[in-house]
Amino acid sequence: MEALYLLIPLSVVLVFVALWIFFRASDDGQFDDLVGPALRILQDDDKPPIDHKRSGDF
């Protein structure tokens, strides 16, 4: 029973810390664009970039 006097306030503090971390990450823009990086990995960019100075195309 005595352990509950320590564990209950400790768990409440832990919940508030987790909520503070979540809302801070949300305010910093961590969760703004969830779709963009997932679609960006699917784009085919295997071709090397064209060096316009070497190819003569201006």
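Visitor: What makes the secondary structure of the protein chain an α-α-α pattern?

Guide: The protein chain comes to three helices and zero strands, and read along the sequence these give the pattern α-α-α.

Visitor: How do you know that the reach of helix α1 is close to the expected one?

Guide: Helix α1 covers residues 2–27, which is 26 residues, and reaches 39 Å from its first C-alpha to its last. Just after α1, Gly29 takes a positive phi of about 90°.

Visitor: What does UniProt list for residues 6–23, and what is the secondary structure of that span?

Guide: An unreviewed UniProt entry lists residues 6–23 as "transmembrane region". In the model this span is 100% helix and 0% strand, with its end C-alpha atoms 26 Å apart.

Visitor: Why is the pair of Phe22 and Phe23 called edge-to-face?

Guide: The ring centres of Phe22 and Phe23 lie 5.3 Å apart and their planes are at 65°. The structure holds two aromatic pairs, and ring pairs link Phe22, Phe23 and Phe31 into a cluster.

Visitor: Why are Phe22 and Phe23 called partly exposed?

Guide: Buried means under 20% relative accessible area and exposed means over 50%, with partly exposed in between. Phe22, at 43%, therefore counts as partly exposed, and Phe23, at 48%, is therefore placed in that class as well. In the protein chain, buried residues make up 2% of the 58 residues.

Visitor: Where in the protein chain is confidence lowest, and where is it highest?

Guide: Confidence is lowest in helix α3 (residues 52–55), at a mean pLDDT of 64, and highest in α1, at 95. The mean pLDDT of the protein chain is 83, and 84% of its residues reach 70 or more. Where pLDDT is low, the predicted coordinates should not be read in detail.

Technical notes:
Residues are numbered from 1 along each chain as its sequence is written. This is a predicted model: local features need pLDDT of at least 70, side-chain atom pairs count only at pLDDT 80 or more; totals for chains, interfaces and linings use all residues. Side-chain values use heavy atoms; hydrogens and water are left out. UniProt positions are given in the numbering used here, feature names are shortened, and annotations may be inferred rather than shown by experiment. Helices (H or I, at least four residues) and strands (E, at least two) are DSSP runs, numbered from the N terminus. The expected span of a helix is 1.5 Å times one less than its number of residues. Rings of Phe, Tyr and Trp (its six-membered ring) pair if their centres lie within 6.5 Å; planes under 30 degrees apart count as stacked, over 60 as edge-to-face and the rest as tilted. Buried means under 20% relative accessible area, exposed over 50%, partly exposed in between (1.4 Å probe, protein chains only). pLDDT is the predictor's confidence in each residue, from 0 to 100.
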